[in-house]
Amino acid sequence: MSEYGLLCRTFMENMMIIDLVCKMEIDEEAASYSLNYDGKDYFFCSEGCMEEFTRRPLDYVESV
Ligand SMILES: [Zn+2]
């Protein structure tokens with residue numbers, strides 16, 4: 001397994017969610033804005049962040 005894969009799994013296990021647009025940490029239960037993109041679920045703190053993501057998803061997905 002690559003280092004990236006390992007990091008990714010740790011990330012999933014911690015259930016820590018980051019809003020990719022504003023980089024804010026959000027609670028999964030409080031994340032009412034979610035979106036499925038390229039087979040993955042993404043969560044956002046607000047509708048504005050979600051809209052920004054849908055406008056230019058590649059800018060955010062690749063920065064992770
Ligand atoms: Zn946000």
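R55 and E52 are joined through their side chains by a salt bridge, with N and O 3.3 Å apart; a salt bridge here is a side-chain nitrogen of Lys or Arg within 4 Å of a carboxyl oxygen of Asp or Glu. Both residues belong to helix α2, where they are three residues apart, about one turn of the helix. Helices are DSSP runs of H or I with at least four residues, strands are runs of E with at least two, and both are numbered from the N terminus. E52 also meets R56 in a salt bridge, at 2.3 Å from N to O.

R55 has a further salt bridge with E51, in which the closest N and O atoms are 4.0 Å apart. E51 and R55 also both lie in α2, four residues apart, about one turn of the helix. Over the whole structure, a search finds four salt bridges. A network of salt bridges links E51, E52, R55, R56 and D59.

Buried means under 20% relative accessible area, exposed means over 50%, and partly exposed lies in between (1.4 Å probe, protein chains only). E52 counts as buried because its relative accessibility is 16%. E51, at 38%, counts as partly exposed, and R56 is partly exposed with a relative accessible area of 41%. R55 counts as exposed at 57%.

## Basis of the model

The model is predicted: local features need pLDDT of at least 70 and side-chain atom pairs count only at pLDDT 80 or more, while totals for chains, interfaces and linings use all residues. Residues are numbered from 1 along each chain as its sequence is written, and side-chain values use heavy atoms, with hydrogens and water left out.

## Overall layout

The chain contains three helices and four strands. Read from the N terminus, the order of elements is α-β-β-β-β-α-α. Of the 64 residues in the chain, 22% are buried.

Contact means heavy atoms within 4.5 Å. Among contacts in the chain with a separation of 6 or more, 27% are between residues 24 or more positions apart.

Helix α2 spans residues 47-55, and its buried residues are C49, M50, E52 and F53. These four lie on the same side of α2 because they cover an arc of only 160° around the axis; the arc is that of the directions from the helix axis to the C-beta atoms. The buried residues of α2 pack against β3 (33-37), β4 (40-44) and α3 (57-61). Apart from neighbours within four places in sequence, M50 is in contact with Y33, S34 and F44.

The largest nonpolar core consists of seven residues: L20, Y42, F44, C49, M50, F53 and Y60. The elements giving two or more residues to this core are β4 and α2, and α2 supplies the largest share, three residues. A nonpolar core is a set of buried Ala, Val, Leu, Ile, Met, Phe, Trp, Tyr and Cys residues joined through side-chain atoms within 4.5 Å.

## The zinc site

The zinc ion has the protein donors D19 (OD), C22 (SG), C45 (SG) and C49 (SG), which lie 2.1 to 2.3 Å from the ion. Donors are N, O and S atoms within 2.8 Å of the metal (3.2 Å for Na, K and Ca); water is not among the atoms, so sites may look incomplete. Along the chain, the donors follow the spacing D-x2-C-x22-C-x3-C.

The arrangement is tetrahedral because the four donor atoms subtend angles of 94 to 121° around the zinc ion; four donors count as tetrahedral if all angles lie between 85 and 135 degrees. The ideal angle for four tetrahedral donors is 109.5 degrees.

## Positive phi in two loops

Most residues other than glycine have a negative phi. K23 is not a glycine, yet has a positive phi of about 65°. K23 sits in the loop between β1 (17-18) and β2 (25-26).

D38, also a residue other than glycine, has a positive phi near 55°. D38 is placed in the loop between β3 and β4, and is exposed, with a relative accessible area of 68%.

Technical notes
Tetrahedral: all angles 85-135°; square planar, octahedral: opposite > 155°, others 65-115°.
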